[in-house]
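User: I would like a short walk through this model, feature by feature. Please give the general idea each time, then the case here.

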Amino acid sequence: MSPRWVMWGIGALVGVLTLGFLLGEWAPRRFPSPRGRRALSRMALVTAALGGLIGLGLGGGYLATVGKGQAFVLTLYEPRDVVLPRAPETTVKLVAFPLVLRLDGLAALFLLFVGFFAFALALYSWGWLRDDPRAHWVAGAFNLFVLSMYAVILTYNMFWLLLALELMTLASGHLLLYRSEVDRGEEAQRAGRIAVRTYFIVSHVSMAFLMSGFILLALRTGSPLFTLTPRNTMQDVVRGSLMDHVIFALLLLGLGIRAGMVPFHFWVPIAHPQLPTNTHAMMSAVMLKIPVYLMIRVFVQVYPPRAWWWGGVLLLLAGGTALFNVFYALVSPDLKRALAYHSVENIGIILAGVGLALLFRYEWLTRAYGAEGYETFQTLTALALVAALYHTVNHGVFKTLLFMGTGNIEHLTGTVKLKALSGVLRLSPWTGLTFLVGAMAIVGLPPFNGFISEWLTLQAIFVSGEALSRAGHFIHLVLTVVALLTLGGAFALTALAFVKIAGETLLGPPLRVSSRRTPWSMRVAMGVLALLCVLLGLAPGVLVPVLHRAVYDVGVGTTAVQATRWTLAVSVPLGQPRQEMYSAALSLVPALALILLAVLAGGGVLMLRWRRVWQRGQVWAGGERFDPRRMRYSGTAFSFMAWEILARPTPPSEIPVGPLPEYYRVSRRRVVPEFFNRWYNRLIRFTLDMSERLGNVFQSGDIRLYLMYIFVAFFVVLLATLFLRR
Amino acid sequence: MYVYAFIWVGVFFLLAPLALGLVHTLRARVLARRGPRVWQPYLDAWKLLHKGVVIPRGATMLYVVGPIVAFTCSLLLGYLIPIPLLLTRRSLQGALFLGADVVMAVYLLGLARFIMALAVWDVGAPFGALGSSRQFFFQALAEPTFLIALYTLTTAYRTSNILLFTQVHRPWSFSVALLIALFALIIVFLAEGGRLPFDSPDTHLELTMVEGGPALSYSGPLWLLLEWGAAMRLFFFLLFLAYMTVISLRIEGGYAAAGALVLVFLLFVVALSVGETYVGKLRLRRVVAPFAMALILAIISLLIMAVLVNTLTG
C-alpha cells in the first residue's frame, strides 16, 4: 500500500461519512415525507457501514503490506509564514497549525477497531431504526461521530487533535437529546437536560486541561507534532522537572475525565443511557478507548514517564476505577446504567495495564545506560501494553454485544428497568443466548475472550514480582499488590453483578408477552459478535501479532507474548546471572477438552432423557407450595451481601440537593449512597452560589461600574505594553 | 505428554470421592462414631445414577447445562495438577505448553460458580440463589487473597505453570515465605470448598446452606454430577496444598517426593477431619475476619519473598 492509496482511503472516508451526515441531518428538510426520511436514513446507514469498511480496509491494508516501524506521514496543509505588512522583516511562523496525518501500527489497530464496530453497529441499526421516526437524525449523527473518531486517531498534530476531539464531543452530544425526544414525560425531559449539560461541561473541563497540557507539552518538546524531538530525547527523560509533572497532571486529568477514571466517572452513567442504542454502544465500547489510545501515544511513545510515580498514580486510580464502578453497577436500577458503570470498570482494567506499562517504561528508561534489567523492563512494558490493548479490543466486542442485547430487550419489552424485566431467554432465545455469551465474556470466564486479557494483565503483575524485587523497588511492588487487590475484588464483583443482571433479565417466566420479532440484521450483528467473543478467546493468535505491531510502533521493540495456534505463552527474560526467564503458557487443549467433555456429558444426560427417566415436577421450596410471583429471588436480594455494607435508611427528604442522583434505592427502606455524586452536587451548589454572589457584586448593572472596568482594562493593557517593550 | 495428562485426569476423576469418604469416616471416628465406609461416596453415586431426574416446571436448558459445565470445570482442575508428571525427575520438554497454569484454577472455579448460580436462578426456588449469593460474597473476599498468594508462588518459581515449579532451585529461606502463602491458600480453599468454618458441609437446614443450596434443586444423575464435582474440587485442593508443601520443603521428584506427597496428603485429610470437629460455623458476616487474616498473610509472604529475591540477586 502506497501513500497514494492511503490518501485515497482517507479522502473516501471523509467523503462518504460527510455525505452520510448530510443525508441524515440536512436532506430530510428537503424531503420531509415519512418515506423520504426513511429512504434517507437507510442511505445514511449504508454510508456509515461503508465508512466502517473503508476504515477496516485502510487499517488492514496498512498492517498487511507495510513493514514494522514504517509510518505514513501525510502533510495535508502547511501554513505559510505570515509577513506583517508594517514590518516586513518580521515573519510569524504558524508552527502550530500544519495538518499532519500519520498512520502507524497503533493508529491502524484503532482504525480497525473503530471501523469494525461502525460496520457492525450500522448493520444492527438497519433493523433497530426501522420503525423509528428519528432514524435519519440518529443515522446522520452516527456518521459524523464515526468520522470524528477516525480524525482523532489519524491526526498527528496537537492543535488539530483538539479540534477533532471537540468534533467528537459535538457529534455524540447532539444525540444525547434522543431519549427526551422519544419520551416526552417530565422525568425523561429532566434526565435529558441533565445529561446534555453534564456531558458538555465535563467534556469542556477535560478540554481545558488537555489544551493547557498540550500547549505546555508542545513548548516543552518544541513541536506540536507527536514526535520525539531533540529537546525530548531519552537522556533528559530520567530526571523530570516540575514542569514535566505539571504537564503529566494536566494531561492525565484531561484524558482521565474523558475516559471516566475515578473520581470523574460520574458522567458516564448519567450521559450514556440517554443515547440511542447504536451510539451508546459506540460511545461506551469505542469512544471511551480514545483517551486510552492518546495515553499510550503520549505517555509511552512521545513523552515517556519522568518519574516512577506517574505509572503508580495511574495504577492506583485504575484499580479504584475498577472497584468503585463495579460496585455501583451492582446497585444500578436499570440495564443501561449498569452497563455504563461496567464500561468504566473495564476502562479501569485497561488503565491498570497502561499504568503498569508506564511503571515499567520508567524502570526501563532509568536502566537504559548499562544497568541490569534493561531488557526485562522493556519486555514487561510490551507485555503490559499488549494486555491493555487486548482488553481494549475485548471490551469493545463484548460490550457492544451486551448493548445490542439491551437494544433488543428494549425493542421486545419496551423497558430496560431491571425490576420490570424477566424471561428474555424464553421471549427471544437468540437475544438471550448471545447476551449470556457477552456476560460470560465480560466476567472473564474461559473459553471466552475476556479471560485471555485478564490472564495477560495478571501475568504482567506476576512477572513484575521478581523484576521489581531484583531492582529493589519495594514501593513499586506494593503498588502492584494494591492493583492486584483492587482488580481481584473487581473481577469477583463483576461475576456477581453479571449473575444478577443475567438472572434478572434473562431467566424466569416472561413478564411481558411481545408480538414483536427481532429483525434479521440485529440477529446477524449479535451472532457475529458472539462468535468473535469465542474466537478471540480460543485463538488469541489472530489478534496478538496486530497488537505486537502496534506496540512496536510506539517504540517498544520487543515481544513478550508468543501466540501459536494452540498456545499462548508469556516469556520475559529476567537477566543475569544465568539468563533466567519467567515463562507461563495457556494451552487451547484444556479449553477444547472442556467444551468436548461438556458436549459428551450433555449427550450422556440426553441419553438418559431418551430412557424416559425425566419428568417435570414442582419446584422444591422447602415443602412450601412454590409461588413464582412471591418467592422468586430478586437481583437486589442476590447482591445483598455486597451492597449491604454501604446501605443506609432512606433519607427523610426526597428533595435533591443537586442534579446528580445521590442515592440508589435498593429496597423500600434502604438506599446506597453514591458518594462521588454527593460531592459533585455540593460542588455544583457551591459554584452556583458563589457565581450568584460574585455576580451580584461585579455585575450589579450600575453603568459606572462598567465604565470603571473599561478604564482598568485599558490601564492594564497600557502598562503591559510599556513594560513588555523593554 | 498430553496422553499422560489425560490418563491422570481419568485417575483423578476416579479417586476423588475416596478423599471425601476418608474425611467423612475419619470425622465420624473422631466423634467416636463408626461412620460410613470409606467407599460410601461410590455407593451413593451408583444409587444416584439409577434415579430419575425431576426437572422443575419453568426451568430452561440452563438447568441441565449448569451441572454439566460445573462438573467439567472440576474435572479440568485435575488437569492443572498432573501428579505423575510432577513427580518425574526428568526435566520436561515442552512442559510449558501443557498449559497447566495455576491461574486457570481461579477461573475454572469462577466458571463453575457462575454457571451454577444461573442454573439455580433459572429454577426459581429461593434456597439455591440464597446459597450461591453467599458463594459470591465469599469469592469477592477470597479472590484478592488467592491472587496475591499466587503472586508469591509465581515470584518464587518464576512461572505460573505448575510443571515448571521444580525447575527453579531456590534456597531454603524461600520455604518460609512459601509456607506462609500456603497458609493463606488453606483459608481460601476452605471457603472455596465449602468447609467449616465458612460452610457446614453436612447441614440439613436450608437457610444456613452455602454450598448445599444450589444442590437442593437437583436430583438423580444431575445431582450426582454436582456431588462428584464437589468431591473433585476438594481432592484438587488437598492435592494442590500437599504438593506445594512438599516442594516448598524442597523434596523434588522421584519416590521420596511421591511418598512425602502421600504422607502430607493424609496429614491434610486428618487435619481437615479433626479440625472440622473442633470448629463451628461462623456467622455470615463474621467470615470477614479469617479472610482478612488470609489477606494479610498473603501480603506478608509476598513482601518476605520480595526481600529474599532481592538479597539473593542484588
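Analyst: Start with a charged pair. The side chains of Glu192(B) and Arg113(B) form a salt bridge, with N to O at 2.4 Å. A salt bridge here means a side-chain nitrogen of Lys or Arg within 4 Å of a carboxyl oxygen of Asp or Glu. The two residues sit in distant parts of the chain, 79 residues apart: Glu192(B) in helix H7 of chain B, Arg113(B) in helix H5 (residues 102-123) of chain B. Helices (H or I, at least four residues) and strands (E, at least two) are DSSP runs, numbered from the N terminus.

User: What are the ground rules for these values?

Analyst: This is a predicted model, where local features need pLDDT of at least 70 and side-chain atom pairs count only at pLDDT 80 or more, while totals for chains, interfaces and linings use all residues; side-chain values use heavy atoms, with hydrogens and water left out. Residues are numbered from 1 along each chain as its sequence is written, and chains are lettered from A and ligands numbered from 1 in the order in which they are written.

User: Are Glu192(B) and Arg113(B) buried or exposed?

Analyst: Buried means under 20% relative accessible area, exposed over 50%, partly exposed in between (1.4 Å probe, protein chains only). Glu192(B) is buried at 9%. Arg113(B) is buried at 10%.

User: Which salt bridge partner does Glu580(A) have in chain B?

Analyst: The general idea first. Side chains of opposite charge can pair when their charged atoms come close. Here Glu580(A) meets Arg158(B), at 3.4 Å from N to O. Glu580(A) lies in strand E7 (residues 580-587) of chain A and Arg158(B) in the loop between helix H6 (126-157) and helix H7 (174-192) of chain B, so the pair joins two chains. Glu580(A) is buried at 12% relative accessible area, and Arg158(B) is buried at 8%. Shared partners join Glu466(A), Arg470(A), Glu580(A) and Arg158(B) into one salt-bridge network.

User: How many salt bridges are there over all chains?

Analyst: The count is 21. Another of them pairs Asp702(A) with Arg704(A) at 3.0 Å, N to O. Asp702(A) is partly exposed at 27%, whereas Arg704(A) is exposed at 61%.

User: How do I read a helix, say H6 of chain A?

Analyst: An α-helix has 3.6 residues a turn, so residues three or four places apart point the same way. Helix H6 (residues 158-173) of chain A has 16 residues and spans 22 Å from first C-alpha to last, close to the expected 22 Å. That expected span is 1.5 Å times one less than the number of residues. Its buried residues include Met158(A), Leu161(A), Leu162(A) and Leu165(A). Among the elements covering the buried residues of H6(A) are helix H5 (135-154) and helix H8 (186-221) of chain A.

User: What is the mean pLDDT of chain A?

Analyst: pLDDT is the predictor's confidence in each residue, from 0 to 100. For chain A the mean is 86, and 95% of its residues reach 70 or more.

Methods. Contact = heavy atoms within 4.5 Å.
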